Amino acid sequence: MVTGNGGTPDSFREQVAAELRAMEEDIFWTEKAHFATATTYARLHLWLGIIATVAAAVAAASVIGDAAPAVSGSAAVVSAIASAIVTFLKPQDTEQKYRTAGRRLGALRVKVRQALDLDLHPSQPEQADTWRVLARTFAEEKATIDSDAPGTSNRAYRLAREKIEAGHFNHGDPRHAPRRPS
């Protein structure tokens with residue numbers, strides 16, 4: 001794939017393939033970071049719901065059981081705060097936005113992989129104009145997804161990296177196992 005002239009690709013086909021592989025890797029990491037963030041919001045929603053429910057139950061039981069007013073009042077405040085956080089932060093909606101972005105990126109990654117395996121396959125005729133349009137189209141689609149999606153944090157990438165390195169996303173063809181970014 002590379003020549004002796006400093007490691008540059010021999011042909012335009014190889015240059016396009018190198019660009020698509022880099023794009024595929026970037027899409028993969030961004031996709032998994034979105035899924036990691038969605039998981040965080042799902043857990044937040046679950047825990048806030050549990051806290052609100054338990055605190056409300058404690059407040060109700062302490063009123064019925066004639067417990068100290070501080071117990072029922074504190075439990076009621078905790079329940080109200082947890083419920084307010086769920087209402088105003090809407091972690092379930094935010095989770096869905098991240099999950100949708102991850103799914104869209106996954107679908108784009110499949111298109112990029114198919115372009116690499118099918119459109120750029122050596123048995124296909126040279127189609128430099130088509131390949132350039134293909135690479136630009138994928139880059140534009142990635143940019144659109146990124147602009148529509150909520151941002152991800154370094155923490156999300158760390159969580160994604162842990163899952164990737166643990167092999168959670170290895171599905172078959174080792175040629176498409178993304179490399180760890182430097």
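A residue is called buried if its relative accessible area is under 20%, exposed if over 50%, and partly exposed in between (1.4 Å probe, protein chains only). The model on display is predicted, so local features need pLDDT of at least 70 and side-chain atom pairs count only at pLDDT 80 or more, whereas totals for chains, interfaces and linings use all residues. Residues are numbered from 1 along each chain as its sequence is written, and side-chain values use heavy atoms, with hydrogens and water left out.

**The whole chain.** Display the protein chain first: its secondary structure consists of five helices and zero strands. Helices (H or I, at least four residues) and strands (E, at least two) are DSSP runs, numbered from the N terminus. Of the 182 residues, 30% count as buried.

**T37.** Next, select T37, which lies in helix α1 (residues 12–64). Is T37 buried or exposed? With a relative accessible area of 9%, T37 is buried. The side chain of T37 reaches the backbone oxygen of A33 at 2.9 Å. Now show Y98, T152 and A156: T37 touches these residues (heavy atoms within 4.5 Å), not counting residues up to four places away in sequence.

**Y41 and Y98.** Y41 lies in helix α1 and Y98 in helix α3 (residues 91–119), so the pair ties together parts 57 residues apart in sequence. Y41 is partly exposed at 26% relative accessibility, while Y98 is buried at 7%.

Conventions:
A polar contact is a pair of N or O atoms within 3.5 Å; within protein, one must be able to donate a hydrogen and the other to accept it, and residues adjacent in sequence count only if both atoms are side-chain atoms.
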